[in-house]
Amino acid sequence: MEAAVFILSLIDCCALIFLAVYFIITLSDLECDYINARACCSKLNKWVIPELVGQALATVLMLFSLHWFIFLLNLPVASWNVYRYLKVPMGNMGVFDPTEIHNRGQLKSHMKEAMIKLGFHLLCFFIYLYSMILALIND
Amino acid sequence: MSAPGYTNLNSSVNYSLNGGATPSYQNGPGQPYPAMYPSSSYYSSTPQQAYPAAPGHKASVVNNDHMSNYYHNSNQPPPAGPGSGPSPYGPSSTSHPPTQPYGTTAPSSSGASQPPSAFQHPALYSMPTAYYGQHYPTSHPQSLPLSQPPQPNLVSVSSGTSMNAPLYPIVSYPSAPGSSQYGTLRSSQMSSGQPPVSTVMAPPSSGTEQQFVQGNGSSIPASVTPAHQSYADPLLSQTAAVNGQANAVPQHYEHSLHTPMTQHYGGPPPTSQGPDGDRPPSGTSTSVHSSPGHQQGLQYGGYIANSGVSSSAATARDHSSSSSDADEEDEEDEEAGADSSSSTTGSASPVPNSYESLEGGSYPDSSIPPPADPSKRAPPFGYSYPSMQPGYQQGSSSRPDSSPSHRGYNPPGYQAQYSQPFPSLSQLSAALGGLSGVPELEVDALRPVNLIQERNLLPPTHTASPEPNLSTELKKVNCSPDTFRCTLTSIPQTQALLNKARLPLGLLLHPFRDLTQLPVITSNTIVRCRSCRTYINPFVSFLDQRRWKCNLCYRVNDVPDEFMYNPVTRSYGEPHKRPEIQNSTVEFIASSDYMLRPPQPAAYLFVLDVSHNAIEAGYLNVFCQSLLENLDKLPGDTRTKIGFLTFDSTIHFYNLQEGLSQPQMLVVSDIDDVFIPTHDSLLVNLKESKELVKELLTALPRMFTNTRETHSALGPALQAAFKLMSPTGGRVSVFQTQLPTLGAGLLHSREDPNQRSSTKGVQHLGPATDFYKKLALDCSGQQIGVDLFLLSSQYSDLASLACVSKYSAGSIFYYPTFHHIHNPAQRQKFQKDLQRYLTRKIGFEAVMRIRCTKGLSIHTFHGNFFVRSTDLLSLANVNPDSGFAVQVSIEESLADTSLACFQAALLYTSSKGKRRIRVHTLCLPVVSQLSDVFAGADVEAITCLLANMAIDRSISSSLTDARDALVNAVVDSLSAYRANGSSLQPVGVIAPASLRLFPLYVLALLKQKALRTGTSTRLDDRVFAMCEFKSQPLKHMMRMVHPDLYRIDNLSEQGALHLNDCVIPQPPLLQLSAEKLTREGAFLMDCGSVMYLWVGKCCSEIFIRDVLGYPNYASIPPNMTEIPELETQSSQRTRAFLSWLQESRTFFPCFYVLKDDPSTKTSFFQHLVEDRTESAQSYYEFLLHIQQQICH
């Protein structure tokens, strides 16, 4: 049971890592002018909800399997995702808005955010891996 | 004939320089002068004898290499033309009615007469494009394209070979009107400068092709048609469907059929193209490669066979290429063009206003003239070379074969001679270093001012913007502050220093301003830095004769050969005297490298609200009247397209097909899935369908008089407009009078009237839906600009609607309480605005890039546009009345440089179909002292930039935040100044003299409609004021923020301006405070778009009688909006002063005469920003507040 939970979170975590890398690549493409703002934002906005769901899934899994520490670790990131999604102004085209992304250093802060998330997911990845191995051994 | 010899040179040079980029020349050697044909016909009226190809004059010997260069240059464009265009542009070839020029050529060049044409070739060919263009007209005035202004002269470009060979016709418009449009006075020069370009671009046509063409002759007119259609995007199948679906076709309109094969696209009817008329198409289909040429022919055959299908296919391709890739490609546009241009060389001919006298009518003396035109050229050589430096002579004599440009200037003697004109960077910095030690100007700007003690700070006249502390030479060439302004005229060295000063760093631009003097440069090579793509500008440094150092990225670049020739002084080897180096604002005529597709025609679509509300307001009549009056003044050429679309709960299209007896209305009631009923006759050629357009405009106001439809389907109408315009791009003008209530993009009222005067902050400043934003981005991608005219007395959610203009680079006009009868002032304003709007210059498919010195970076943009990539603004339309602002940060220390430069390059298509680049360069000193930063602060620019930032803040955060931030900006900067000069008086609000008006301006900002709280302000008014702040140029904005107040009942000639024997009194500026008003006086307040004349109760009756034309105060009517033309001296003075004020702006201001009574007072007194109102502080209170904050 325990092992199954961690295997699931491991897969989820891998997906999130890939997503974070994808975000970073796309944003740096925009930074280097390889794609335009419109294309970049429509690409990224598609993945905002999946990311949110993936993160929420990991959080909920940890909650139900009563791993409090890992749950508390995941909670801030999950709630940040939800907050970010909810605070999007009505007229904007999503979390990433092509008309705003070049203003007020938004691009940089998005980039920073993606980097931090990547680091966080990598950390989680190893925690899950360790816990999974531990669980398998215990079984 | 010297042709073969040159050919060899030519081809070799070509290859070496151009690499593989010249496919059309692969057969070169065999066909020496392939490009000749069209050009020859173009100039056929000129006597051929004028160009005897006498070889071996002395210049040619000396200059052999050189000439080959020029020769090559003139050759270059043809390869570039085909290479540059990804989309098959067959259509446009048909778009020109230009058969005329060819017609004239017929005798000499038609009939496949090989020998004659061959004879022409060298002559024409050898013309270096630009020079040719410039000087040619003078020698052969009768051949000037100018002589037939309305007619575009065009030369089709051969499609070269390749699969998606773009059949670009290069159209050159003899622009007598165009020149005036560009603010250049020298229309003749302009137009004369253009033909050469087209000459250069002319398609290579060889004998074989010619024959081929002739064989094709009869079929060509037919082939023209599909091309038209592909441009106009006809989807015939849809037409049929539409006829089925378009339900209610009003009876009073004739229901005629649209013929599928129509000439709506500006072309002359095919029949009119006789054998002579075949020329342009033949040019199109010819190519150097004989076999590809045949392929072209086959293609044409294909078109003929199934014109409808192929044309629509072409459309599809065209469309897709231009639409889907438009974003990326357009931006590469500039870059790509530059890449190739940097590796090429060409001749340059600036066509600046002031050079007319210098250039005279002769050929440029030095080397540029065509090798095959020695007789013409020889004398000039004689003149110019002796005057050259001895070093040059030596060099050339020692190496007769070598290019003088390479050898001649290298002798050491040269360096000494030229060191003066080429100040190296180190010299510059030394000069500057010396300057910064003599800060006389700074001392004044830094004089501490105690704002609380010194009351009358406002200067009596408008002060010029602070001048950057540069050496006089640099100052002289620096960009005009009206065009390009920086908040800090001394750039701090590091971000840390900037942070210490607590002042915002940013630029305010007005790049497309109407200019009276603008050097226009026609040059094959636009010299740009190879790494950062900066255009060469007055602030680059020449390391030596052959190299220049970019002032933005410091890369060392080569000076191309042609740049060595200076057309102004007509001498060789003085690149620093070229107009690019002498002027910081120049305009280049761009080559096809800078085009993604052929320049689009001017296209205007008017989308008109005809719901009940609109009819009630009665704007339609005013609009139609204005458009009728200005129909001929719409910027454009013979290709200009126009269309109309009206909407209420349904969408009405107007078929204006030439040949119809009256306009035909097509109604589409399916607003959920909008489609275009017929593609080829809704957007029609203005010239051809002018009668129908006029008829429609006359009929339109009456057509809907009894409408009961109250709904408005604006969203679907915009979608329809987008679909209609996307093949061409252009300008959509939307007239809306109410909240959109139907279909996509419908909006709900969000305003709560009770919250209008709330002090807590204002909701709903942002858009309610992303529909308009998305639409605007789509439009921007298709090069469509949407301008919004909102004439609504009720809440219409401008915050949402404005998005459609904001991101498509449009303009927004708002006429609250518009009514054609009840509100004559608004009506008049609408009328005048329309007149300006319709006739003002316009640039299509524009992009603007702002570059700055390495170490600086732009991080935020303000204005109406879409920021496509980090420094590239996409402007579907650009108009001369919009301003932009950007914020700059300092990323790397600028310690190793003494100058910081900014360059804004605006690439656009003129209404005449010319691709042009307007380049502005601003140079500012870099300083390391905080006091220098303060001394260089430009308070007006700072205020405007802060206003822009505050508006962003109020939308993204809240109005209260934005207001606090503004106050903090003052507090912070003044505390920073205080901390810096701590030895000064400890009490009071101390500001440097340069910032003494800063608190006043910020207070004025806080009292603006956009940012005020506590005073009842309608949401739409507020949002409109915000939009104005974002898009107005600095001057206009300052007038809105801090209006000018004058007393005008005692105008005298003291200190008056004398302009053209007209005396313009200059009354002193008054502070905006009621204490300056007296009952005995009459005061004029100039708020930019509104002017108030406030007449005091006890105003002298002489003034009232002499100026206002009424016997006494009581008899002045309450709604007076004009000053009568009286013959008295005081009336003349007043009117002279008023009209002088009006001339300083582009839109006509509303004028109100207000009497001193409570009913009219509020509008006037709200602008007296120094006074206390029930909800806002007075200036003195504000200062005390700031003092309190500083001390804390």
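1. Two strands are said to pair if DSSP finds at least two bridges between them. Strands (E, at least two residues) and helices (H or I, at least four) are DSSP runs, numbered from the N terminus. In chain B, an open sheet of five strands has the order S34-S31-S35-S36-S37, with mixed pairing. Strand S34 (1069-1070) and strand S37 (1150-1155) of chain B stand at the edges with a single partner strand each, so one side of each has no neighbour in the sheet.

2. This is a predicted model, in which local features need pLDDT of at least 70 and side-chain atom pairs count only at pLDDT 80 or more, while totals for chains, interfaces and linings use all residues. Residues are numbered from 1 along each chain as its sequence is written, chains are lettered from A and ligands numbered from 1 in the order in which they are written, and side-chain values use heavy atoms, with hydrogens and water left out.

3. B:Val1095 stands opposite B:Lys1155 in S37(B). Helix H45 (residues 1129-1143) of chain B lies across S31, S35, S36 and S37 of chain B, at about 10° to S35(B). Such angles run from 0 to 180 degrees between N-to-C directions, with axes fitted to C-alpha atoms, for helices over the stretch in contact (heavy atoms within 4.5 Å).

4. S14(B) has a parallel pairing with strand S8 (residues 520-523) of chain B over three bridges, and B:Ile521 stands opposite B:Phe588. With strand S29 (residues 915-927) of chain B, S14(B) pairs in the antiparallel sense over five bridges; here B:Val586 stands opposite B:Val919.

5. B:Asn478 is found in the loop between helix H26 (472-477) and strand S5 (484-486) of chain B. B:Asn478 is buried, with a relative accessible area of 14%. A polar atom of its side chain lies 2.8 Å from the backbone oxygen of B:Cys923. Leaving aside neighbours within four places in sequence, the contacts of B:Asn478 include B:Phe539, B:Ser584 and B:Thr921.

Technical notes: Buried means under 20% relative accessible area, exposed over 50%, partly exposed in between (1.4 Å probe, protein chains only). A polar contact is a pair of N or O atoms within 3.5 Å; within protein, one must be able to donate a hydrogen and the other to accept it, and residues adjacent in sequence count only if both atoms are side-chain atoms.
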